[in-house]
Amino acid sequence: MSRPRVGVVGLNYWGPNLARNFDELAELAYVCDLSPELLERSAARYPDARATADYGELLADATLDAVVVATSVPTHYALAKQALLAGKHVFVEKPPATRAAEMDELVALAAERDLTLMPGHLLLYHPGVLKVKELVDAGELGDVLCVYGNRQNLGIIRSNENALWSLGVHDLSVILYLLGEEPSEVVAHGRDFLTPGVEDVVFCYLRFPSGKIAHMHLSWLDPHKMRKITVVGTEKMVCFDDMELERKVTIYEKAPWKRAESYGEWQTRSGDIHIPKIATDEPLKLECRHFLALVTGEGDRGKVADDGAMVVRALEKLQLSLDAAGAARP
Ligand SMILES: NC(=O)c1ccc[n+]([C@@H]2O[C@H](COP(=O)([O-])OP(=O)(O)OC[C@H]3O[C@@H](n4cnc5c(N)ncnc54)[C@H](O)[C@@H]3O)[C@@H](O)[C@H]2O)c1
């Protein structure tokens with residue numbers, strides 16, 4: 001299978017970006033959406049792909065290797081499950097399921113059939129995030145103490161997923177990736193100011209077995225557009241800022257410091273600020289490439305699925321805390 005045959009389902013806002021990449025990197029065999037207008041638009045752009053509103057057609061095609069699900073969140077689990085049952089590799093936009101038990105079912109199905117189940121955790125393919133991970137793993141920051149994410153903007157106001165599931169999924173995937181452990185306690189507070197039951201502003205706190213802590217400020221009611229993750233270490237601190245063009249990653253030689261002659265009092269140390277060069281490769285292209293590599297048998301299929309399950313588990317716990325007005329969840 002040198003050039004896998006791929007079908008993209010869901011062609012509104014995000015799906016076209018996936019279709020563009022898979023058209024370039026693989027054989028885009030199908031474009032699928034329930035909306036005739038969106039189908040028409042994609043059919044015009046990809047005349048060699050079959051355009052259909054019937055997802056079943058993709059599943060019934062034995063020559064189709066993989067399905068890419070970019071529909072609205074509540075439909076992900078069912079569409080991914082049908083595709084796995086039909087023997088297709090699946091790339092599914094984040095989050096693949098809204099319950100941990102459903103995600104476990106998808107992971108088990110994929111493992112049983114030796115199929116790929118890859119959640120669309122785009123930031124894990126961002127060269128800036130990879131740089132931060134490299135710094136953390138190399139011990140450049142010393143011991144990591146805490147991580148916090150800011151994901152705020154005015155809009156897009158969604159009514160079928162809240163700020164935790166829509167925005168927090170990104171930061172959470174990065175925080176868990178950087179720290180390499182699952183939270184032992186989570187707390188989430190938020191409010192549904194615009195759509196009843198759909199929180200627009202959410203604050204999350206996570207504590208990890210190692211004692212590290214993390215925080216996420218998630219909101220689409222905010223004057224600032226922020227896409228930032230900060231990691232505080234005992235030796236250095238680093239900030240990944242996706243709004244920056246040329247300084248995606250900034251490393252601060254700033255740290256707490258105890259001078260031998262200071263009788264145990266804490267002082268601070270402030271040195272150089274360093275901006276490493278970060279490759280400008282499109283993260284989505286790298287993500288699509290990784291999926292295709294897994295489909296063709298390169299790399300660890302189980303890892304992406306398990307990492308995705310860890311994110312859904314944490315999201316579910318945070319949602320339970322949110323529902324219980326901020327009660328801590330183990
Ligand atoms: N990775 C990222 O950075 C990123 C960014 C934006 C959106 N997303 C994700 O991408 C997904 C899609 O986002 P969106 O904003 O385009 O969603 P959307 O709700 O605007 O569009 C979803 C499309 O799916 C179609 N659809 C739904 N059920 C279908 C079915 N059974 N068969 C065929 N078509 C069906 C709808 O007609 C619609 O056109 C979401 O999961 C979202 O979270 C990811």
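Author: Two strands pair if DSSP finds at least two bridges between them. The strands themselves (E, at least two residues) and the helices (H or I, at least four residues) are DSSP runs, numbered from the N terminus. This is a predicted model, in which local features need pLDDT of at least 70, side-chain atom pairs count only at pLDDT 80 or more, and totals for chains, interfaces and linings use all residues. Residues are numbered from 1 along each chain as its sequence is written.

Reader: What makes β13 and β14 a pair, and in which sense do they run?

Author: Strand β13 (residues 249-258) is joined to β14 by seven bridges, and the two run antiparallel.

Reader: What is the order of the open sheet of eight strands, and what is its pairing?

Author: The order is β8-β9-β10-β7-β11-β12-β13-β14, with mixed pairing. At its edges are β8 (185-191) and β14 (266-274), each of which pairs on one side only. On average, neighbouring strands of this sheet are turned by 15 degrees against each other, direction ignored. Both senses of pairing occur at β7 (residues 144-152): with β11 (residues 226-233) the pairing is antiparallel over eight bridges, and with β10 (residues 213-219) it is parallel over seven bridges. Tyr 148 has Thr 230 in β11 as its bridge partner, while Arg 151 stands opposite Leu 218 in β10.

Reader: Why are β3 and β6 called edge strands of the other sheet?

Author: That open sheet has six strands in the order β3-β2-β1-β4-β5-β6, with parallel pairing. β3 (50-52) and β6 each have a single partner strand, so one side of each is left without a neighbour in the sheet. Neighbouring strands here are turned by 20 degrees against each other on average, direction ignored. One of the pairs is β1 (residues 5-9) with β2 (residues 27-32), parallel over five bridges, where Gly 7 stands opposite Tyr 30 in β2.

Reader: Which residues of α8 are called buried, and what do they pack against?

Author: A residue is buried if 20 or more other C-beta atoms, placed from the backbone, lie within 10 Å of its own, exposed if 12 or fewer do, and partly exposed in between. In α8, Glu 287, Cys 288, Phe 291, Leu 292, Leu 294 and Val 295 are buried. They cover an arc of only 160 degrees around the axis, judged by the directions from the helix axis to the C-beta atoms, which puts them on the same side of α8. They pack against α1 (15-25), β4 (66-69), β5 (89-93), β6 (117-120) and α9 (301-323). Just after α8, Gly 297 takes a positive phi of about 100 degrees.

Reader: How do you know that the radius of gyration agrees with that of a compact globule?

Author: The radius is taken over C-alpha atoms, and the globule rule is 2.2 Å times the number of residues to the power 0.38. With 330 residues the rule gives a value near 20 Å; the protein chain has 21 Å, which agrees. Of these 330 residues, 42% are buried.

How values were computed:
Two residues are in contact if their C-beta atoms, placed from the backbone, lie within 7 Å. Axes are lines fitted to C-alpha atoms, for helices over the stretch in contact, and angles run from 0 to 180 degrees between N-to-C directions.
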